[in-house]
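Reader: Hi! Could you walk me through this one while I have it open?
Author: Happy to, let's take a look together.
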Amino acid sequence: MIILAALDLDLLIVIQLSVNTLKSKNILSSMALALVAQRQSKGLLISLQISSLEISPFLQRLISRGLRIVHHLEMRLVQKAHEFITTVLKESASAIDMTCGNGMDSLFLARIVGERGNVYAFDIQEEAISRTKELLQENNCASQANLFKACHSQIELYLPQEIKGHVNSITMNLGYLPKGNHDISTRSKTTIPAMLTAYDWMQSGGVMTVIAYRGHKGGKEEAEEVRKLINEKKWKLSLDQGRKKADSPLLYMISKL
Ligand SMILES: C[S@@+](CC[C@H](N)C(=O)[O-])C[C@H]1O[C@@H](n2cnc3c(N)ncnc32)[C@H](O)[C@@H]1O
């Protein structure tokens with residue numbers, strides 16, 4: 001995988017790195033973080049040649065510190081969704097993870113909003129809630145997280161009324177829990193009402209990302225229902241079709257005007 005990332009479009013520095021082993025990943029991580037910290041030096045292009053997708057937590061840390069991905073090959077949709085959210089999500093804000101699963105999205109949101117912000121995370125499975133809780137605790141991000149074992153179509157029953165119309169960012173990563181029970185999956189019957197409610201709670205200028213997987217039973221229909229809803233409501237949409245195969249996942253990036 002090759003990724004080009006920039007902090008500024010006036011490029012002053014070009015770094016090329018190959019990352020193959022865990023050791024070199026760690027070295028790269030500290031180097032790149034140090035460079036990101038000096039971004040006032042104006043302009044930085046990092047060209048990363050990455051052989052393994054295990055690097056993704058590292059990229060997420062860079063993205064949450066302001067790194068902009070300007071070109072990528074085979075970048076995972078979840079990273080693209082995070083990059084999109086980074087353009088609007090700020091410290092102290094409120095964010096919702098509609099399907100917290102293993103907690104990666106919740107952690108991403110919690111790192112950005114910090115201790116003065118709030119992440120509200122939902123999942124119908126106890127296993128997902130406990131995995132998310134553990135991940136947040138391990139990363140010292142538990143204090144800004146509010147976890148609910150509940151269906152996302154019921155968020156109104158759990159969110160504090162004062163954040164209505166003030167939610168900055170929402171992630172909705174559909175499908176089943178990886179390394180969990182694949183028969184328990186999101187369904188359009190609840191996904192669509194959940195999206196409608198979530199959009200209502202968003203502030204103007206806020207964003208919602210929805211990743212729809214089409215490879216499992218019911219996935220294609222769910223992705224199609226999501227598309228229909230967005231069209232019908234005329235929501236502002238940017239669509240990333242990933243690898244453009246019939247069953248590859250889709251990333252819907254919705255902005256509230
Ligand atoms: C692809 S996983 C989410 C991945 C997660 N965002 C992460 O960062 O690891 C999808 C999750 O949706 C959850 N889910 C399924 N139906 C749901 C519903 N109606 N309300 C909330 N969560 C649901 C599943 O239990 C599963 O954990």
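Reader: Which strands does H4 lie across?
Author: Helix H4 lies across strand E5 (94-97), E6, E7 and strand E8 (167-173), running at about 170° to E6. Helices (H or I, at least four residues) and strands (E, at least two) are DSSP runs, numbered from the N terminus. Contact puts two C-beta atoms, placed from the backbone, within 7 Å. Axes are lines fitted to C-alpha atoms, for helices over the stretch in contact, and angles run from 0 to 180 degrees between N-to-C directions.
Reader: Before I go on, how is it numbered, and what sort of model is it?
Author: Residues count from 1 along each chain as its sequence is written. The model is predicted: local features need pLDDT of at least 70, side-chain atom pairs count only at pLDDT 80 or more, and totals for chains, interfaces and linings use all residues.
Reader: Thanks! And what does H6 lie across?
Author: Helix H6 (residues 188-201) lies across E5, E8 and strand E9 (202-212), at about 155° to E9.
Reader: What order do the strands take in the sheet?
Author: The 7 strands run E7-E6-E5-E8-E9-E11-E10 in an open sheet with mixed pairing; two strands pair if DSSP finds at least two bridges between them.
Reader: Why do E7 and E10 each have a side without a neighbour?
Author: Strand E7 (145-149) and strand E10 (236-240) stand at the edges with a single partner strand each, so one side of each has no neighbour in the sheet.
Reader: How do E10 and E11 pair?
Author: E10 and strand E11 (residues 250-255) pair in the antiparallel sense over 5 bridges. Leucine 237 has isoleucine 254 in E11 as its bridge partner.
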